[in-house]
2 protein chains.
Amino acid sequence: MASSTAHPNHQLISSEDVEGTTVYDLGQDKVGEIDHLMIDKLSGRVIYAVMSFGGFLGLAHSHYPVPWAALKYDTGLQGFRTAITERQLKDVPEFSDDNWASDRNWESAVHRHYGVTPYWDASVGR
Amino acid sequence: MASSTAHPNHQLISSEDVEGTTVYDLGQDKVGEIDHLMIDKLSGRVIYAVMSFGGFLGLAHSHYPVPWAALKYDTGLQGFRTAITERQLKDVPEFSDDNWASDRNWESAVHRHYGVTPYWDASVGR
């Protein structure tokens with residue numbers, strides 16, 4: 001697996017290493033970790049980080065899709081930072097584990113909820 | 001893990017599902033599969049697919065980084081296609097499993113080798 005291709009000290013990271021990477025709040029506190037990424041097959045862009053939160057927040061789902069634009073990699077922390085709050089997580093628009101990724105209305109709502117520009121807006125990430 | 005968030009019939013795919021996805025040549029033949037992805041931590045763009053080829057080609061390495069730009073997802077095949085040939089794989093610029101991802105000279109050479117524009121060129125994928 002990835003052991004044959006180590007990638008130290010570089011801006012590139014293996015998808016296998018992102019899975020499990022810690023996400024911090026704006027302070028030094030761990031808020032959760034990345035379970036897996038959702039990638040646009042055609043463009044190769046990461047669209048969502050699907051996060052888990054260890055269950056301590058009393059959340060309704062085990063995994064929460066967070067728009068990639070709401071995360072920022074911090075090379076010093078070797079982890080991601082987010083300004084998303086516990087309250088925002090709990091108030092996220094209702095979603096189905098099975099089909100949120102094909103529900104454009106929900107995607108629009110969740111991007112608004114977190115205050116980030118939808119990825120299908122041509123100006124994002126470019 | 002990803003089982004709690006299924007994503008059928010959509011242009012988004014889980015990183016866990018990309019790992020193991022078949023890569024086909026320009027015909028119907030399987031040439032290998034994707035082992036993992038190398039992602040730019042800051043931009044969230046997939047830069048390389050690190051592929052394995054099952055050993056039948058007599059290759060020197062177990063895994064080969066292939067620029068993302070040399071792959072194209074085929075929704076009909078549910079897999080990726082590439083125009084990369086066995087000869088190109090065998091003639092790829094010599095690399096070290098340990099540090100190719102931080103060797104910009106090698107990265108330049110491999111993009112030239114496969115005839116794709118380097119990802120650090122501002123016009124790529126935008």
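1. Rings of Phe, Tyr and Trp (the six-membered ring, for Trp) are taken as a pair if their centres lie within 6.5 Å. By that rule, this predicted model holds 18 aromatic pairs over all chains.

2. A:Tyr48 comes from strand β4 (residues 46-52) and A:Trp100 from the loop between α2 (86-90) and α3, so the pair ties together parts of chain A that are 52 residues apart in sequence. A:Tyr48 counts as buried, at 0% relative accessibility, and A:Trp100 is also buried at 0%.

3. Now zoom out a bit. Ring pairs join A:Tyr48, A:Phe53, A:Tyr64, A:Phe95, A:Trp100, A:Trp106, A:Tyr119 and A:Trp120 into a cluster.

4. A:Trp106, one of the cluster members, sits in helix α3 (residues 104-114) of chain A. Its relative accessibility is 5%; buried means under 20%, so A:Trp106 counts as buried. Setting aside neighbours within four places in sequence, A:Trp106 touches A:Pro65, A:Pro93, A:Glu94, A:Phe95 and A:Trp100. For A:Gly79, 27 residues away along the chain, the C-alpha separation from A:Trp106 is 27 Å.

5. Last, the charges over rings. A:Arg104 lies over the face of A:Trp120, 3.9 Å from the ring centre. In chain B, the charged end of B:Arg104 sits over the ring of B:Trp120, at 3.9 Å from its centre.

Note on methods: Residues are numbered from 1 along each chain as its sequence is written. Chains are lettered from A and ligands numbered from 1 in the order in which they are written. This is a predicted model: local features need pLDDT of at least 70, side-chain atom pairs count only at pLDDT 80 or more; totals for chains, interfaces and linings use all residues. Side-chain values use heavy atoms; hydrogens and water are left out. Helices (H or I, at least four residues) and strands (E, at least two) are DSSP runs, numbered from the N terminus. Buried means under 20% relative accessible area, exposed over 50%, partly exposed in between (1.4 Å probe, protein chains only). Contact means heavy atoms within 4.5 Å. Rings of Phe, Tyr and Trp (its six-membered ring) pair if their centres lie within 6.5 Å; planes under 30 degrees apart count as stacked, over 60 as edge-to-face and the rest as tilted. A charge sits over a ring if NZ of Lys or CZ of Arg is within 6 Å of the ring centre and within 35 degrees of the ring normal.
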